[in-house]
Amino acid sequence: MKRRIDTYLQKLIGEERFDFYSHVRDFSDHEIAPHILSWERAHQLVPDDAIAKMAEMGLFGLPIPDEFGGQDGDHLDLVLMGMALGYHSQSVAITPGAAISLGAKPILLFGTDEMKKAHLPELAAGKRMVVFGLSEPGRGSDAGNPEVVAVKQGDQWVIRGEKCWSTNAAWASHVVVHALTDPDGKPGKNTTCFLVPMNDPGVHYQEMAGKRVWEQSSTGSIVFDNVAVGEDSVVGEIGGGFKVMLTTLNGGRLFIGGLAMGSLAFALDKCSQYAQERVQFNDQAIGRFQRVQDVILDMDIALEQGVTWLIHCCNLYLEDRLDREQAAKVKIECSRRASDLVVQAMEICGGVACLDEFGLIRHHNDLFVTRVGEGSNFALKSQATRPLLPEIARILQ
Ligand SMILES: Cc1cc2nc3c(=O)[nH]c(=O)nc-3n(C[C@H](O)[C@H](O)[C@H](O)COP(=O)(O)OP(=O)(O)OC[C@H]3O[C@@H](n4cnc5c(N)ncnc54)[C@H](O)[C@@H]3O)c2cc1C
């Protein structure tokens, strides 16, 4: 059966990009879909051989320039990969997705030439990953005001504190740590990012237990116990840490929107098929009921709108014209529409939707992450409202 999302993508992206998307989609159908249930039931992270296959396909290097061993693609390729892999599993999709959009991106956008040469080739090859250390146990939405500190001692910076929710921590060689470096400085200009090796004796990583979303994705807590790093570990400028993190997140939010569309695309295809096969009352398909049709049509409308808007935002991002509010709005809308509709999709399928093998419950759970990850939707709404209420925004500043 042709996927509904393919109908839209075919019209919206050129042939070359569609071929790339189809290649990843086919990989996902043949190499991920048959295994995802057993990985899920075993509460297993994405296996190494699946990571190696994605690395072989170049998925970890999509937007990285070829001079650093990447595919020389762009952010739209990354978002298309998110839709193609996310159709079966957001957990699998976020692994190369976060490795690039949160791990490699700060180095690509703000790293020194030495940093790029030292790290990007192996990151592009998927041989190792870098994680994005912004969130902390006490600082989630208020991440601009970190409790993790870096104190200058001689020619070194000594880092203390804890980061959490760090995606891909199990596979990481380094973490980009956002730390307070000037406690008396102006908010937004008093933090700095450092690239810290995970094998430093003062770095302690633990996988976060009990997570029932993105089950195959590694999520770590990382403690920094007086970790000393040199000036050459600074990513961007001293005092420019929040800018590094926010710029990185703009692109990351488009990827999260792509994951939400991957899940919605799966739910739409699954429900359309089920509504035509499942019979109730006089041996007729449930798809004849108007309310069932309504949900299916709403999913289709949301999918076409979301995919179109995301591609538009990716194009703005490529031209360096995507502002923070737009990135926030598209992430809010794709994630809330998809997660609200997946609940209705489950309802029109009935009891069978409760079974893991039916697939919808996985997307239901994973879509929750798209609502809170990379900035909770509620917090992002405050940001997205600023241009609409400039006088209020000025008072709040
Ligand atoms: C699976 C997963 C993976 C993640 N990966 C990473 C990662 O790789 N790196 C990383 O740094 N972080 C990561 N995160 C963290 C994620 O970015 C945070 O969860 C998110 O920023 C929200 O922070 P919080 O959970 O501490 O919620 P809190 O900040 O405690 O907020 C709780 C709720 O309060 C409300 N709220 C808070 N602030 C506002 C506001 N200003 N306006 C209106 N309402 C508000 C919202 O409803 C919000 O959901 C990940 C999270 C998850 C769940």
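**Chat about a predicted model**

Colleague: Leaving aside neighbours within four places in sequence, what is Leu 37 in contact with?
Modeller: Asp 356 and Glu 357, where contact means C-beta atoms, placed from the backbone, within 7 Å. The model is predicted, so local features need pLDDT of at least 70 and side-chain atom pairs 80 or more, while totals for chains, interfaces and linings use all residues. Numbering starts from 1 along each chain as its sequence is written.

Colleague: How far apart are Leu 37 and Glu 357?
Modeller: They are 320 residues apart in sequence, but 6.6 Å apart C-alpha to C-alpha.

Colleague: Switching to H6. Which residues are buried there?
Modeller: His 119, Leu 120, Leu 123 and Ala 124. They are on the same side of H6 because they cover an arc of only 120 degrees around the axis, taken from the directions from the axis to the C-beta atoms.

Colleague: And what is exposed on the other side of H6?
Modeller: Glu 114 and Lys 117.

Colleague: What covers the buried residues of H6?
Modeller: The cover includes helix H5 (90-110) and strand E1 (129-133).

Colleague: Which residue with positive phi follows H6?
Modeller: Gly 126, with phi near 70 degrees.

Colleague: Now the ligand. How many residues surround it?
Modeller: There are 24, and the closest are Leu 134, Gly 140, Ser 141, Trp 165 and Ser 376.

Colleague: Last topic, the largest nonpolar core. How many residues does it have?
Modeller: 118, with Ile 159, Phe 194, Met 261, Leu 264, Met 299 and Ala 345 having the most contacts inside it. Helix H7 (residues 241-277) gives the largest share, 18 residues. Such a core is a set of buried Ala, Val, Leu, Ile, Met, Phe, Trp, Tyr and Cys joined through C-beta atoms within 7 Å.

Colleague: What is Met 261 in contact with, beyond four places in sequence?
Modeller: Ile 5, Met 83, Leu 303, Gly 306, Val 307, Leu 310, Cys 334 and Ala 338.

Notes. Buried ≥ 20, exposed ≤ 12 C-beta atoms within 10 Å, placed from the backbone. Helix = DSSP H or I, 4+ residues; strand = E, 2+ residues; numbered from the N terminus. Contact = placed C-beta atoms within 7 Å. Near = placed C-beta within 6 Å.
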